[in-house]
Amino acid sequence: MLHYSCDLCQRPIDPHVGLRHVVKISVFPAVEGEPDERCDGDDVGACDDHLENMHDLLERMEEQDLAAFLDDGTRSLRFDLCEGCRQRFLRNPLGAKPNKSFSFSQN
Ligand SMILES: [Zn+2]
């Protein structure tokens, strides 16, 4: 039997007692504009050139460079939360500190 525990409070989540809630977070770079737009319409040649250049570039890259090149910061995160942590999470999804407690220490 699969055993789940809350990723926040580490408590086991018993499906008979409480619901298990899944949080999925996708982080990816927002691409402004439409870079592929020029590939539409009659100007197909420009699109082919672009793809060929990209292919050459990828071939010339070392493996670790390629990995860094392909890593655009996209991440998919998945968490299991118990009911209590689900409510806490929804109140403050990013874990930001409330403004009123924001202060510099006066040392
Ligand atoms: Zn929890």
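This is a predicted model: local features need pLDDT of at least 70, side-chain atom pairs count only at pLDDT 80 or more; totals for chains, interfaces and linings use all residues.
Visitor: Leaving aside its neighbours within four places in sequence, which residues is Asp 80 in contact with?
Guide: Residues are numbered from 1 along each chain as its sequence is written. Two residues are in contact if their C-beta atoms, placed from the backbone, lie within 7 Å. With neighbours within four places in sequence set aside, the contacts of Asp 80 are Tyr 4, Cys 6, Asp 7, Ile 13, Arg 20 and Val 22.

Visitor: Is Asp 80 buried or exposed, or does it lie in between?
Guide: A residue is buried if 20 or more other C-beta atoms, placed from the backbone, lie within 10 Å of its own, exposed if 12 or fewer, and partly exposed in between. Because Asp 80 has 16 other C-beta atoms within 10 Å, it counts as partly exposed.

Visitor: In which strand is Asp 80 found?
Guide: Helices (H or I, at least four residues) and strands (E, at least two) are DSSP runs, numbered from the N terminus. The protein has three helices and four strands, and its elements run β-β-β-α-α-β-α from the N terminus on. Asp 80 belongs to the strand that covers residues 75-81, namely β4.

Visitor: Over how many bridges do β3 and β4 pair?
Guide: Two strands pair if DSSP finds at least two bridges between them. Here Val 23 stands opposite Phe 79 in β4, while the C-alpha atoms of Asp 80 and Val 23, which are 57 residues apart along the chain, are separated by 6.3 Å. The pairing of β3 and β4 is antiparallel, and its bridges number seven.

Visitor: What separates the C-alpha atoms of Ser 76 and Val 27?
Guide: Ser 76 is also found in strand β4, and it is exposed because 9 other C-beta atoms lie within 10 Å. Although Ser 76 and Val 27 are 49 residues apart along the chain, the separation of their C-alpha atoms is 6.3 Å.

Visitor: Which residues make up the largest nonpolar core?
Guide: A nonpolar core is a set of buried Ala, Val, Leu, Ile, Met, Phe, Trp, Tyr and Cys residues joined through C-beta atoms within 7 Å. The five residues of the largest nonpolar core are Cys 6, Ile 13, Leu 81, Cys 82 and Cys 85.

Visitor: What is the phi of Gln 10?
Guide: Gln 10 is found in the loop between β1 (4-5) and β2 (12-13), and it counts as exposed because it has 9 C-beta neighbours inside 10 Å. Most residues other than glycine have a negative phi. Gln 10 is not a glycine, yet its phi is positive, at about 70°.

Visitor: Which element has the highest mean pLDDT?
Guide: The mean pLDDT of the protein is 80, and 79% of its residues reach 70 or more. Among the elements, helix α1 (residues 44-60) has the lowest mean, 74, whereas the highest, 94, belongs to β4.

Note on methods
pLDDT is the predictor's confidence in each residue, from 0 to 100.
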